[in-house]
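Hi,

Here is the structure I said I would pass on.

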Amino acid sequence: MSQLFAAVYEIQSATIGRPMLRLNLVVNRDNASVVGTATLESVTGDVHEMSVRGHLMEIEGDAPLEAIVLAGTPPVFAVLDEEPTSFQLLMVLPTAWKNGQACFKMSIGKLYPRVVDIRDGIARAVLPEAAY
């Protein structure tokens with residue numbers, strides 16, 4: 001039986017006026033691998049998307065938790081000036097009774113690079129949008 005499943009998460013900063021991150025992921029529990037896309041939407045409506053891959057891991061403790069570590073996979077060829085060039089994320093997955101926590105960093109732009117750095121992210125699982 002396959003241990004493959006899709007997961008969609010939205011991460012928002014606890015600070016008002018910060019960008020929102022949406023993760024569309026496919027998780028393989030057999031080898032703990034994760035692949036998908038990270039889409040960052042700024043407060044001005046700009047959308048930046050990057051392919052990501054990473055690992056699913058368990059955090060031991062009184063109540064075991066699961067976490068995902070992701071890194072962006074930038075394109076092999078030259079990147080347009082306003083495209084993401086790097087991405088890193090650490091997210092403790094949300095559970096049925098508690099929101100998850102996340103921190104991430106995305107670098108955008110080639111000529112005039114800027115960094116979006118969120119350290120107080122609140123992660124929630126959401127239903128995938130239907131494609132029409």
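Let me start with a polar contact: the side chain of T39 pairs with the side chain of E49 at 3.1 Å. Bear in mind that this is a predicted model. T39 is found in strand 3, and at 14% relative accessibility T39 counts as buried, since the cut-off for that is under 20%. Leaving out residues up to four places away in sequence, T39 touches M20, L21 and R22, and also V47, H48 and E49.

R22 from that list turns up again in the salt bridges. A search of the whole structure gives three of them. In one, the side chains of R22 and E10 meet at 2.6 Å, N to O. That pair links distant parts of the chain, with R22 in strand 2 and E10 in strand 1, 12 residues apart. Is R22 buried or exposed? At 12% relative accessibility, R22 counts as buried, while E10 is partly exposed, with a relative accessible area of 23%.

Another salt bridge joins the side chains of R29 and E66, at 2.8 Å from N to O. R29 sits in the loop between strand 2 and strand 3 and E66 in strand 5, so this pair ties together parts that are 37 residues apart in sequence. Both ends come out as partly exposed: R29 has 37% relative accessibility, and E66 has a relative accessible area of 27%.

The remaining salt bridge is between the side chains of D117 and R119, at 3.0 Å, N to O. Here D117 counts as partly exposed at 25% relative accessibility, whereas R119 counts as exposed at 68%.

Now for the nonpolar side of things. In soluble globular proteins, nonpolar side chains tend to be buried together. The largest nonpolar core in this model has 26 residues, and those with the most contacts inside it are L23, F87 and M91.

Setting aside its neighbours within four places in sequence, M91 is in contact with Y9, I11, L23, E66, A67, I68, Q101, A102 and A123. One of those, E66, is the residue whose side chain meets R29 in a salt bridge.

Cheers

Conventions
Residues numbered from 1 in each chain as written. Predicted model: local features only at pLDDT ≥ 70, side-chain atom pairs only at ≥ 80, totals over all residues. Heavy atoms only, no water. Core = buried A, V, L, I, M, F, W, Y, C linked by side-chain atoms within 4.5 Å. Buried < 20%, exposed > 50% of the residue type's maximum accessible area, 1.4 Å probe, protein only. Contact = heavy atoms within 4.5 Å. Salt bridge = Lys/Arg side-chain N within 4 Å of Asp/Glu carboxyl O. Helix = DSSP H or I, 4+ residues; strand = E, 2+ residues; numbered from the N terminus. Polar contact = N/O pair within 3.5 Å; in protein donor to acceptor, adjacent residues only side chain to side chain.
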